[in-house]
Structure formats: C-alpha cells, structure tokens
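Subject: Structure for you to look over

Hello,

Here is the structure I promised to pass on. Please open it alongside this message; my notes follow below.

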Amino acid sequence: MGIVAGLDSSAEFTRIVVCDTDTGAVLRQGYAAHPGEPKAADVDPQTWLLSLGEAATGGLLEGVEAIGVSAQQYGLVPLDAQGGLVRPALVRNDKRAQVAAADLVESLGGRQAWAEAVGSVPVAGQPVAKLRWLARSEPENAQRVALVLQPHDWLVWQLLGRPARRTTDRGAASGTGYWSVGTGTYRPDLVELALGHLAVLPEVLGPSDAAGITPEGLLVSAGTGETMAAALGLGLGPGDAVVSLGASGSVMAVHHEALADPTGMITSFADATGMYLPVVSTSNAVRALRGTAEMLGVESLEELSALALKSTAGASGLVLLPYLEGERTPGLPHAAGTLSGLRRESMKPEHLARAAFEGMLCGLTDAMDVLRGRGVEVRRVFLLGAAAALPAVQALAPALFGAQVVVPQPADYAALGAARQAAWALGVARGTLSPSAPPAWQGAVAQILEPGDDLSAGQAVRQQYVATREQIHPGAFGS
C-alpha cells in the first residue's frame, strides 16, 4: 500500500484528493478557489499556485509518494526565452478568438484540411486560435513568445522546480490544434501559421511516464487535461460513452482509433491511457429545459421533471427540436427551436414538459449517432451534470439512448483520474505495474438504469423526432 495525490486545477478552483494506491479509496481531500475574478479570460498563472498551496494546507500531502496534475483545457501560457510570462494566460472558450479561428480554417484550405492535419477544426478556445489572436491583436507580445505551454504543463513544470525539460501528455496535446491525433506528432507549421514564427513546444510523454521528481522527492506523473483525467477517474473503457448535461451538451466515447471528420462535428482527442476520445458537442441541452420551465411558469427543473412524467412516451405527438441557440450538431448555426405536432389534445403543460426532455435527449442521441455511424461502439452511457439526477432524465434516457445508463455519484473525477495516473507512473517506476494498463481501482459508485421494456417506446419517440427534424431541416446530417 502507498499513497498518491491527484490535483485538478479547473477554471475556478483547485481540488486535491489523496488516495490509496491499491484501491483508489480517498483518504483526504482539499479545496481552494482561485483568487481573482472567476470568469476572467486573462489570468495570472500564479493564482493557480496560490490556490494549490491553500488546498494542500494542514498536512494534506503528508506521506504522499507521487502526484498527478489535471487542469483546465483550452488554456495558453505564453512564455519568453527565459521562461517568463509574456502576458497573462489566455483561458476559457475566449470569444475574442472566434475570428482568428475562422481565419486559420481558411488559411489552411478549409475544414477538411484541418481535420486531416490534427483531427479537429479550430475553435475559439483552442491554443492555436489564441496564438493567431495574439499575433493579430498583440503583435509585440506575440514576437516575444518563445515557449508555449498549457495550464497542466505549466503546473507540472512549476512543481518540478522549472527544469530545462518541459513536458505535456498526449491528452492535453490533442486539444491544442497543432498536435496530430492521428500521427501522434506536433505540427510546428501550424504554430508558425498561427503565431507568425516557430515556438518551443513541450515534450509529449506516454500515459504511464513520469515527468520528473520534485525537490521534495515526489514523483510527478505526466498529467493531462480535465476531460481525459475525468475519463480515467470514471474508469471508462471501450464501449463506454459519457453524455454531459450542461446548458449545452456533449457526447464523448472511448475508441481504439482517431477519427478525422471533415464536417467538424467530431473533435478527436487522445485519452490518458493510449486510446482516443472522440467528442460530439451540441449547442443546446439543459437550456431547452430551462426555457420550457420559464414558458410554463414552472419554478424549477425538478417541477418540470414531475410534470413531464405525467405525460406519456411521445408527448401526445409534440416534438421539440431544441435548437434555441442555433445548433452545432447538426450544423445549423442560424436555426431556431421548433415545436411541432400541436393539436387540441396535445396542448397541455405536461406534454410540453415531456417534449422538452425528449427533445433534449433526442438531440444528444443525434450526437451519439454521429459517433456510432463512424464505428464507435456504445454499450454503456455515463450521464454527468446536475440534470442527470432529474427523474424524467433517468426515466427516458435508457430507452432513447438504447443502452444501459450509468449515473455516477458526484465526485472529483478529474482529481481522481490524476491520482490514478500518479499511482500508475509510480507503479511502473517501481516495476510493480505494467505500462500497458492503469491500476484497477474501484469503479465509481453509481446508479444503473436499463432500457428494459421501454426500448420499443423509446425507438418510436426517436423515429418521431427524426421524422420531424428531416421535415423541418431536410438533409441536416447529409445523405
């Protein structure tokens, strides 16, 4: 038995979990918010260190032998030739870089060229788009940039005492826009295209590699991005998908190969184990529920859920296409939501409430079908987000997704994934674990939901939804 730690430095806070190396049982936990404006797009990285230090107080790391780092993705830490900060880190899905992302798509010859080059089409949040924005908006700062890191890379470098060697992992690298998921190599030409000149990039470590040893003697694993760390913390494997229910939504699955998608609907990430995490995002998820609740004068999503369960499968013929903010999947950026099937008997609050839940989940099933259409197997669906606990979501999701649904108990899965990676690197370094597989920790405590007898009703609801989508937006998903 040993003790390892995992820290997750998200956009707003640091969480640390200290775990048993053999079982993954959480022994201690720490938390601290980042100082400063929580929604800022320009951030001093020192705030991440300050909250890390606060989260680790009280002897939290006593006895810890290795540590793993998970951090927010889509962050850019621009450094000069001496390793000094050129300007505050650019974080979050920064809308300032939207034009820069579009410029990059055009500069390389279109969406297909990018998909083939790196496995994704540039979006405003990616470091490659932020580099182009920097070059266009702050050219003097851009000229000083000699080294480019992401938040997790920078934190690992700081923990190790700022050595000459700078590292990252394939998971975090896959979100940059200048690392090819298909070939596992950097595309320095894309950095030059964005920034105007070449810059030093961190060495990409393997999943079980160690980044180094801290001055205090702690082994530091490769670390990774939050998405990849959460997948490792949940214990995902082939056949597993994750549906995230936020205002917008996403479907992510574990797959054995990278998927290049010229439509841009699939973003191919690498995971933290040697596999891949193709992701399809939707612009609308829980925002469709909140909009419906406001329309019906219902005060909470819990009340909306109870109302929906008074209706029956198919919502008496009502179909809601939940494209309230346009839609990314399918690519309908200028669309509006549509409520179809209005008849005298269907014009009741419970039917509209039911249509909202069915529409949200069918929209996410559309996203899941994009992955299934590319050969991605989905046997289990993990539901994440506060809305996953709503009874209507749990009642409808298994039949609509056509798979077993797992609702994990809320936990710090990104921090747990970082700790599991630390245990893996420690075991490999000591010769007690294989580099080919992470330690077998206890799975997430979860509620398991089966489609059961509702599967045929769920398929009928899906058919009703698809028929309506094809009538209103014919060919939205192509032929």
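One term before the notes: two strands count as paired if DSSP finds at least two bridges between them. Please also keep in mind that this is a predicted model.

I started with β5, residues 66-71. Six of its six residues are buried, so the strand is largely enclosed by the rest of the structure. The cut-off for buried is under 20% relative accessible area. Both faces of β5 are covered. Ala66, Gly68 and Ser70 are buried on one side. Ile67, Val69 and Ala71 are buried on the other.

What does β5 pair with? Strand β1, residues 3-9, runs parallel to β5, with six bridges between them. Within that pairing, Ala5 has Ile67 as its bridge partner. Strand β14, residues 219-221, is also parallel to β5 and is joined to it by two bridges. There, Ile67 stands opposite Val220. Ile67 therefore turns up in both places: as the bridge partner of Ala5, and facing Val220 of β14, in a strand that is buried throughout. Strand β15, residues 224-225, joins β5 through two bridges as well, again in parallel. Ala71 is the residue opposite Gly225 in that strand.

**A seven-stranded sheet**

Elsewhere, seven strands make an open sheet. The order is β18-β19-β17-β16-β22-β23-β24, and the pairing is mixed. Which strands stand at the edges? They are β18 (266-270) and β24 (446-449). Each has a single partner strand, so one side of each is left without a neighbour in the sheet. From one strand to the next, the twist averages 25°.

Strand β24 pairs with β23, residues 404-408. That pairing is antiparallel, with four bridges. Val406 stands opposite Ile448 of β24.

**The second largest pocket**

Strand β24 also matters for the next item, as it supplies at least two residues of the lining of the second largest pocket. The volume of this pocket is about 530 Å³. It is lined by 27 residues; those closest to its centre are Tyr413, Leu416, Gln442, Gly443 and Ala444. Besides β24, at least two lining residues each come from β3 (26-33), α9 (226-234), β22 (378-384) and α14 (413-430). What is the lining made of, by class? There are 16 nonpolar, eight polar and three charged residues.

**Backbone points to check**

Most residues other than glycine have a negative phi, and most peptide bonds are trans.

- Thr329 and Pro330 are joined by a cis peptide bond, with omega about 0°. Pro330 sits in the loop between β20 (319-321) and β21 (338-340).
- Tyr74 is not a glycine, yet its phi is positive, about 60°. Tyr74 belongs to the loop that links β5 to β6 (77-79).
- Ala315 is not a glycine either, and its phi is about 50°. Ala315 lies in the loop between α11 (301-308) and β20.

Is Ala315 buried or exposed? Its relative accessible area is 0%, so Ala315 is buried.

Best wishes

Notes: Residues are numbered from 1 along each chain as its sequence is written. This is a predicted model: local features need pLDDT of at least 70, side-chain atom pairs count only at pLDDT 80 or more; totals for chains, interfaces and linings use all residues. Side-chain values use heavy atoms; hydrogens and water are left out. Buried means under 20% relative accessible area, exposed over 50%, partly exposed in between (1.4 Å probe, protein chains only). Axes are lines fitted to C-alpha atoms, for helices over the stretch in contact, and angles run from 0 to 180 degrees between N-to-C directions. On a 1 Å grid over the protein atoms alone, a cavity is a set of points where a 1.4 Å probe fits but cannot get out, and a pocket is an open set with protein on both sides within 12 Å along at least five of seven lines; lining residues have an atom within 4 Å of a point. Grid points are joined across faces, edges and corners, and a volume is the space filled by probe spheres set on the points. Ala, Val, Leu, Ile, Met, Phe, Trp, Tyr, Cys and Pro count as nonpolar, Asp, Glu, Lys and Arg as charged, and the others, Gly among them, as polar.
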